[in-house]
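Dear colleague,

I am passing on the structure we spoke about, and I would be grateful if you could look through it alongside the notes below.

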Amino acid sequence: MVSYKELGLVNTRDMFAKAIKGGYAIPAFNFNNMEQMQAIIQACVETSSPVILQVSAGARKYANQTLLRYMAQGAVEYAKELGKNIPIVLHLDHGNSFELCKDCIDMGFSSVMIDGSALPYDENVALTKKVVDYAHQHDVTVEGELGVLAGVEDEVASEHSHYTDPADVEDFVKKTGVDSLAISIGTSHGANKFKPEQCTRNAEGILVPPPLRFDILKEIEKRIPGFPIVLHGSSSVPQEYVKIINTHGGALKDAVGIPEEQLREAAKSAVCKINIDSDGRLAMTAAVRTVFVEQPAEFDPRKYLGPARDELKKLYMHKCESVLGSAGKA
(Lines give C-alpha, C1' and ligand atoms only; values in the text may rest on other atoms or scores of the structure.)
Protein backbone atom coordinates (compact mmCIF):
# COMPACT_ATOMS: atom_id res chain seq x y z
CA MET A 1 0.00 0.00 0.00
CA VAL A 2 1.39 3.39 -1.04
CA SER A 3 -0.30 6.59 0.10
CA TYR A 4 -0.58 9.35 -2.47
CA LYS A 5 0.53 11.75 0.26
CA GLU A 6 3.97 10.13 0.25
CA LEU A 7 4.19 10.98 -3.47
CA GLY A 8 3.38 14.67 -2.88
CA LEU A 9 -0.06 14.44 -4.52
CA VAL A 10 -3.35 15.90 -3.27
CA ASN A 11 -6.98 14.76 -3.56
CA THR A 12 -9.67 16.87 -5.25
CA ARG A 13 -11.59 18.13 -2.19
CA ASP A 14 -10.01 21.58 -1.63
CA MET A 15 -9.30 21.98 -5.33
CA PHE A 16 -12.97 21.62 -6.26
CA ALA A 17 -14.23 23.82 -3.41
CA LYS A 18 -11.95 26.65 -4.61
CA ALA A 19 -12.96 26.11 -8.26
CA ILE A 20 -16.69 26.35 -7.52
CA LYS A 21 -16.15 29.48 -5.45
CA GLY A 22 -13.87 31.01 -8.08
CA GLY A 23 -15.97 30.20 -11.16
CA TYR A 24 -13.39 28.11 -13.01
CA ALA A 25 -12.76 24.42 -13.78
CA ILE A 26 -9.71 22.25 -13.09
CA PRO A 27 -8.15 20.73 -16.22
CA ALA A 28 -8.17 16.92 -16.22
CA PHE A 29 -5.62 15.98 -18.88
CA ASN A 30 -5.11 12.33 -19.81
CA PHE A 31 -1.58 11.01 -20.14
CA ASN A 32 0.04 7.75 -21.25
CA ASN A 33 3.72 8.60 -21.64
CA MET A 34 6.57 10.90 -20.60
CA GLU A 35 6.09 13.54 -23.31
CA GLN A 36 2.43 14.04 -22.42
CA MET A 37 3.27 14.31 -18.73
CA GLN A 38 6.06 16.83 -19.42
CA ALA A 39 3.74 18.98 -21.56
CA ILE A 40 0.99 18.96 -18.92
CA ILE A 41 3.32 19.97 -16.09
CA GLN A 42 5.11 22.62 -18.16
CA ALA A 43 1.79 24.15 -19.27
CA CYS A 44 0.29 24.16 -15.77
CA VAL A 45 3.42 25.52 -14.09
CA GLU A 46 3.73 28.32 -16.66
CA THR A 47 0.05 29.25 -16.30
CA SER A 48 0.08 28.57 -12.54
CA SER A 49 -2.86 26.17 -12.80
CA PRO A 50 -3.78 23.25 -10.55
CA VAL A 51 -4.08 20.02 -12.55
CA ILE A 52 -5.53 16.51 -12.56
CA LEU A 53 -3.27 13.93 -14.20
CA GLN A 54 -5.79 11.49 -15.56
CA VAL A 55 -5.12 7.81 -16.29
CA SER A 56 -7.58 5.52 -18.07
CA ALA A 57 -7.61 1.74 -17.60
CA GLY A 58 -6.07 1.54 -21.08
CA ALA A 59 -3.29 3.98 -20.15
CA ARG A 60 -2.58 1.93 -17.03
CA LYS A 61 -2.10 -1.20 -19.13
CA TYR A 62 -0.03 0.66 -21.71
CA ALA A 63 2.34 2.49 -19.36
CA ASN A 64 2.43 0.03 -16.41
CA GLN A 65 0.94 1.01 -13.06
CA THR A 66 4.28 1.07 -11.20
CA LEU A 67 5.85 3.38 -13.75
CA LEU A 68 2.75 5.62 -13.65
CA ARG A 69 3.06 5.98 -9.89
CA TYR A 70 6.68 7.10 -10.16
CA MET A 71 5.84 9.37 -13.10
CA ALA A 72 3.23 11.11 -10.93
CA GLN A 73 5.78 11.48 -8.14
CA GLY A 74 8.24 12.76 -10.75
CA ALA A 75 5.61 15.25 -11.98
CA VAL A 76 5.39 16.76 -8.48
CA GLU A 77 9.19 17.11 -8.28
CA TYR A 78 9.41 18.38 -11.88
CA ALA A 79 6.88 21.15 -11.14
CA LYS A 80 8.99 22.25 -8.15
CA GLU A 81 12.10 22.18 -10.33
CA LEU A 82 10.31 24.43 -12.82
CA GLY A 83 9.65 26.84 -9.97
CA LYS A 84 6.12 26.17 -8.74
CA ASN A 85 4.60 23.69 -6.29
CA ILE A 86 1.22 23.40 -8.06
CA PRO A 87 -1.48 21.05 -6.66
CA ILE A 88 -1.41 17.77 -8.62
CA VAL A 89 -3.99 14.97 -8.47
CA LEU A 90 -3.46 11.46 -9.90
CA HIS A 91 -6.91 10.27 -10.99
CA LEU A 92 -8.30 7.04 -12.43
CA ASP A 93 -10.60 7.86 -15.36
CA HIS A 94 -13.59 5.55 -15.94
CA GLY A 95 -12.80 2.83 -13.44
CA ASN A 96 -15.25 0.03 -14.17
CA SER A 97 -14.89 -2.23 -11.11
CA PHE A 98 -14.31 -2.08 -7.38
CA GLU A 99 -11.13 -4.16 -7.84
CA LEU A 100 -9.60 -1.69 -10.32
CA CYS A 101 -10.41 1.31 -8.09
CA LYS A 102 -9.01 -0.46 -4.99
CA ASP A 103 -5.84 -1.37 -6.85
CA CYS A 104 -5.32 2.24 -7.94
CA ILE A 105 -5.94 3.55 -4.42
CA ASP A 106 -3.43 1.02 -3.05
CA MET A 107 -0.89 2.11 -5.71
CA GLY A 108 -0.96 5.81 -4.79
CA PHE A 109 -3.82 7.36 -6.79
CA SER A 110 -5.35 10.32 -4.92
CA SER A 111 -8.69 10.21 -6.75
CA VAL A 112 -10.68 7.55 -8.59
CA MET A 113 -13.72 7.49 -10.81
CA ILE A 114 -16.11 4.56 -10.58
CA ASP A 115 -18.28 4.53 -13.67
CA GLY A 116 -21.39 2.47 -13.06
CA SER A 117 -23.47 4.63 -15.41
CA ALA A 118 -24.30 1.75 -17.77
CA LEU A 119 -25.67 -0.35 -14.88
CA PRO A 120 -29.24 -0.26 -13.56
CA TYR A 121 -29.59 2.64 -11.09
CA ASP A 122 -29.54 0.54 -7.88
CA GLU A 123 -26.47 -1.39 -9.02
CA ASN A 124 -24.69 1.86 -9.87
CA VAL A 125 -25.50 3.14 -6.36
CA ALA A 126 -24.26 -0.06 -4.68
CA LEU A 127 -21.01 -0.23 -6.67
CA THR A 128 -20.26 3.48 -6.22
CA LYS A 129 -20.91 3.29 -2.46
CA LYS A 130 -18.58 0.29 -2.13
CA VAL A 131 -15.77 2.24 -3.80
CA VAL A 132 -16.49 5.38 -1.72
CA ASP A 133 -16.41 3.38 1.54
CA TYR A 134 -12.95 2.00 0.70
CA ALA A 135 -11.53 5.21 -0.79
CA HIS A 136 -12.58 7.43 2.11
CA GLN A 137 -10.69 5.18 4.55
CA HIS A 138 -7.56 6.38 2.74
CA ASP A 139 -8.69 10.03 2.20
CA VAL A 140 -9.02 9.39 -1.55
CA THR A 141 -11.81 11.26 -3.35
CA VAL A 142 -14.33 9.53 -5.63
CA GLU A 143 -16.14 10.63 -8.79
CA GLY A 144 -19.35 8.83 -9.76
CA GLU A 145 -21.40 9.07 -12.95
CA LEU A 146 -25.08 9.39 -13.81
CA GLY A 147 -26.10 9.42 -17.47
CA VAL A 148 -24.21 7.92 -20.42
CA LEU A 149 -21.98 9.70 -22.95
CA ALA A 150 -21.89 8.50 -26.54
CA GLY A 151 -18.64 7.97 -28.44
CA VAL A 152 -15.45 5.96 -28.06
CA GLU A 153 -12.33 6.70 -26.04
CA ASP A 154 -9.93 3.96 -24.95
CA GLU A 155 -12.08 1.18 -23.48
CA VAL A 156 -15.16 3.35 -22.94
CA ALA A 157 -17.68 3.03 -25.75
CA SER A 158 -21.38 3.74 -26.12
CA GLU A 159 -23.47 4.09 -29.24
CA HIS A 160 -26.10 6.31 -27.62
CA SER A 161 -26.06 9.00 -24.95
CA HIS A 162 -28.57 9.27 -22.13
CA TYR A 163 -28.86 12.65 -20.47
CA THR A 164 -28.55 12.72 -16.71
CA ASP A 165 -31.97 12.84 -15.05
CA PRO A 166 -31.86 15.69 -12.50
CA ALA A 167 -34.48 13.82 -10.43
CA ASP A 168 -31.86 11.15 -9.58
CA VAL A 169 -28.90 13.26 -8.52
CA GLU A 170 -29.84 14.12 -4.94
CA ASP A 171 -30.66 10.53 -4.06
CA PHE A 172 -27.49 9.24 -5.77
CA VAL A 173 -25.17 11.67 -4.00
CA LYS A 174 -26.82 11.03 -0.61
CA LYS A 175 -26.77 7.23 -0.91
CA THR A 176 -23.24 6.89 -2.30
CA GLY A 177 -21.30 9.66 -0.53
CA VAL A 178 -19.39 10.55 -3.73
CA ASP A 179 -17.24 13.67 -3.78
CA SER A 180 -18.09 14.70 -7.36
CA LEU A 181 -20.53 13.70 -10.06
CA ALA A 182 -19.96 13.28 -13.81
CA ILE A 183 -23.09 14.16 -15.77
CA SER A 184 -24.26 13.86 -19.36
CA ILE A 185 -25.51 17.12 -20.92
CA GLY A 186 -24.42 16.64 -24.53
CA THR A 187 -20.63 16.16 -24.43
CA SER A 188 -19.26 13.01 -26.05
CA HIS A 189 -16.10 10.89 -26.12
CA GLY A 190 -13.60 10.82 -29.00
CA ALA A 191 -12.81 13.12 -31.95
CA ASN A 192 -16.02 12.26 -33.85
CA LYS A 193 -18.46 13.40 -31.18
CA PHE A 194 -21.45 13.95 -33.45
CA LYS A 195 -22.74 12.60 -36.75
CA PRO A 196 -22.87 15.26 -39.52
CA GLU A 197 -26.67 15.06 -39.60
CA GLN A 198 -26.75 16.16 -35.92
CA CYS A 199 -24.82 19.34 -36.77
CA THR A 200 -25.36 22.51 -38.77
CA ARG A 201 -22.71 24.20 -40.94
CA ASN A 202 -21.56 27.75 -40.28
CA ALA A 203 -20.61 30.36 -42.93
CA GLU A 204 -17.15 28.78 -43.30
CA GLY A 205 -18.70 25.37 -43.88
CA ILE A 206 -17.52 24.00 -40.53
CA LEU A 207 -19.79 21.56 -38.70
CA VAL A 208 -21.35 23.07 -35.55
CA PRO A 209 -22.68 20.59 -32.96
CA PRO A 210 -25.96 20.92 -31.05
CA PRO A 211 -25.55 23.12 -27.94
CA LEU A 212 -24.96 21.64 -24.50
CA ARG A 213 -28.06 21.17 -22.33
CA PHE A 214 -27.44 23.97 -19.86
CA ASP A 215 -31.06 23.61 -18.73
CA ILE A 216 -30.24 20.14 -17.33
CA LEU A 217 -27.08 21.49 -15.66
CA LYS A 218 -29.06 24.33 -14.01
CA GLU A 219 -31.68 21.91 -12.72
CA ILE A 220 -28.95 19.65 -11.28
CA GLU A 221 -27.32 22.67 -9.60
CA LYS A 222 -30.67 23.55 -8.03
CA ARG A 223 -31.04 20.05 -6.60
CA ILE A 224 -27.48 19.69 -5.26
CA PRO A 225 -26.29 23.29 -4.77
CA GLY A 226 -22.53 23.74 -4.51
CA PHE A 227 -21.79 20.10 -5.33
CA PRO A 228 -18.82 19.46 -7.67
CA ILE A 229 -19.90 18.53 -11.22
CA VAL A 230 -17.65 16.93 -13.87
CA LEU A 231 -17.86 17.07 -17.67
CA HIS A 232 -16.34 14.22 -19.67
CA GLY A 233 -15.80 14.21 -23.43
CA SER A 234 -15.04 17.93 -23.53
CA SER A 235 -12.46 18.20 -26.29
CA SER A 236 -13.13 20.95 -28.83
CA VAL A 237 -11.43 19.12 -31.75
CA PRO A 238 -9.53 22.17 -33.16
CA GLN A 239 -10.11 22.17 -36.90
CA GLU A 240 -6.58 23.42 -37.62
CA TYR A 241 -5.21 20.13 -36.22
CA VAL A 242 -7.74 18.09 -38.18
CA LYS A 243 -6.67 19.94 -41.33
CA ILE A 244 -2.94 19.40 -40.67
CA ILE A 245 -3.51 15.69 -40.02
CA ASN A 246 -5.63 15.24 -43.15
CA THR A 247 -3.26 17.18 -45.42
CA HIS A 248 -0.31 15.14 -44.10
CA GLY A 249 -1.70 11.71 -44.88
CA GLY A 250 -4.41 11.36 -42.22
CA ALA A 251 -8.06 10.39 -42.67
CA LEU A 252 -10.11 12.09 -39.95
CA LYS A 253 -13.61 12.37 -41.36
CA ASP A 254 -16.25 14.67 -39.85
CA ALA A 255 -14.30 15.21 -36.62
CA VAL A 256 -16.18 17.77 -34.52
CA GLY A 257 -16.02 18.78 -30.85
CA ILE A 258 -17.57 20.97 -28.17
CA PRO A 259 -17.23 24.75 -28.83
CA GLU A 260 -14.83 26.33 -26.34
CA GLU A 261 -17.20 29.18 -25.47
CA GLN A 262 -19.72 26.60 -24.19
CA LEU A 263 -17.05 24.99 -22.01
CA ARG A 264 -16.08 28.42 -20.66
CA GLU A 265 -19.72 29.01 -19.72
CA ALA A 266 -19.90 25.59 -18.04
CA ALA A 267 -16.70 26.32 -16.08
CA LYS A 268 -18.37 29.33 -14.44
CA SER A 269 -21.03 27.03 -12.92
CA ALA A 270 -20.66 24.11 -10.48
CA VAL A 271 -18.71 22.28 -13.21
CA CYS A 272 -15.28 22.25 -11.58
CA LYS A 273 -13.52 19.48 -13.56
CA ILE A 274 -13.41 19.29 -17.35
CA ASN A 275 -11.82 16.29 -19.07
CA ILE A 276 -9.75 16.84 -22.20
CA ASP A 277 -8.06 13.95 -24.03
CA SER A 278 -8.81 13.91 -27.78
CA ASP A 279 -7.56 17.48 -28.31
CA GLY A 280 -4.18 16.44 -26.94
CA ARG A 281 -4.07 13.40 -29.22
CA LEU A 282 -4.86 15.60 -32.21
CA ALA A 283 -2.19 18.19 -31.32
CA MET A 284 0.51 15.54 -30.97
CA THR A 285 -0.53 13.65 -34.11
CA ALA A 286 -0.59 16.86 -36.16
CA ALA A 287 2.95 17.71 -35.01
CA VAL A 288 4.29 14.18 -35.63
CA ARG A 289 2.72 13.95 -39.10
CA THR A 290 4.18 17.34 -40.02
CA VAL A 291 7.70 16.16 -39.14
CA PHE A 292 7.25 12.90 -41.05
CA VAL A 293 6.07 14.71 -44.20
CA GLU A 294 8.48 17.65 -44.08
CA GLN A 295 11.51 15.65 -42.89
CA PRO A 296 11.01 12.14 -44.30
CA ALA A 297 14.60 11.11 -43.49
CA GLU A 298 14.09 11.76 -39.75
CA PHE A 299 14.11 8.68 -37.54
CA ASP A 300 15.15 10.03 -34.11
CA PRO A 301 12.03 9.79 -31.89
CA ARG A 302 13.14 12.93 -30.01
CA LYS A 303 12.90 14.90 -33.24
CA TYR A 304 9.18 14.15 -33.69
CA LEU A 305 8.06 13.55 -30.09
CA GLY A 306 9.76 16.83 -29.03
CA PRO A 307 7.67 18.98 -31.39
CA ALA A 308 4.59 16.92 -30.39
CA ARG A 309 5.26 17.73 -26.74
CA ASP A 310 5.72 21.45 -27.55
CA GLU A 311 2.42 21.58 -29.47
CA LEU A 312 0.62 19.83 -26.62
CA LYS A 313 2.03 22.31 -24.09
CA LYS A 314 0.84 25.23 -26.24
CA LEU A 315 -2.66 23.74 -26.49
CA TYR A 316 -2.91 23.07 -22.75
CA MET A 317 -1.73 26.57 -21.84
CA HIS A 318 -4.53 27.90 -24.05
CA LYS A 319 -7.07 25.63 -22.30
CA CYS A 320 -6.00 26.83 -18.83
CA GLU A 321 -5.93 30.52 -19.79
CA SER A 322 -8.84 30.93 -22.18
CA VAL A 323 -11.24 28.02 -21.70
CA LEU A 324 -11.21 26.66 -18.15
CA GLY A 325 -10.17 29.84 -16.34
CA SER A 326 -7.76 27.88 -14.12
CA ALA A 327 -4.66 29.98 -14.92
CA GLY A 328 -3.31 31.76 -11.86
CA LYS A 329 -5.35 29.59 -9.46
CA ALA A 330 -2.53 27.30 -8.21
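What follows goes from the overall fold to one helix and then to a few single residues.

This is a predicted model, in which local features need pLDDT of at least 70, side-chain atom pairs count only at pLDDT 80 or more, and totals for chains, interfaces and linings use all residues. Residues are numbered from 1 along each chain as its sequence is written, and side-chain values use heavy atoms, with hydrogens and water left out.

The overall fold

The protein has 12 helices and 12 strands, where helices (H or I, at least four residues) and strands (E, at least two) are DSSP runs numbered from the N terminus. Its radius of gyration is 19 Å, close to the 20 Å that the globule rule gives for 330 residues, so the protein is as compact as a globular protein of that length; the radius is taken over C-alpha atoms, and the rule is 2.2 Å times the number of residues to the power 0.38. Along the principal axes, the C-alpha trace spans about 60 × 45 × 35 Å.

Of the 330 residues, 58% are buried, that is, under 20% relative accessible area, with exposed meaning over 50% and partly exposed in between (1.4 Å probe, protein chains only). Among contacts (heavy atoms within 4.5 Å) with a separation of 6 or more, 76% join residues 24 or more positions apart. The protein exposes about 14000 Å², of which carbon and sulfur atoms supply 52%; accessible areas come from the Shrake-Rupley method with a 1.4 Å probe, and for residues only the protein chains shown count as cover.

Helix H6 covers residues 121-137, and at 1.5 Å a residue its 17 residues should span 24 Å, which agrees with the 25 Å between its end C-alpha atoms; the expected span is 1.5 Å times one less than the number of residues. The buried residues in H6 are Asn 124, Val 125, Leu 127, Thr 128, Val 131, Val 132, Tyr 134 and Ala 135.

From helix H7, Lys 175 touches Val 125 and Lys 129, leaving aside residues up to four places away in sequence. The C-alpha atoms of Lys 175 and Lys 129 are separated by 7.2 Å, although the two residues are 46 residues apart along the chain. Lys 175 is itself partly exposed, with a relative accessible area of 43%.

Residues with positive phi, and one glycine

Just after H6, Asp 139 takes a positive phi of about 55 degrees. Ser 48, which is not a glycine, also has a positive phi of about 55 degrees; Ser 48 sits in the loop between helix H2 (34-46) and strand S2 (51-56) and is buried at a relative accessible area of 15%. For Val 237, phi is positive and near 50 degrees; this valine lies in the loop between strand S11 (229-231) and helix H9 (239-247), where Val 237 is buried with a relative accessible area of 1%.

Lastly, Gly 74 belongs to helix H4 (residues 65-81) and counts as partly exposed at 30% relative accessibility. Gly 74 and Leu 7 are 8.5 Å apart in space, C-alpha to C-alpha, and 67 residues apart in sequence.
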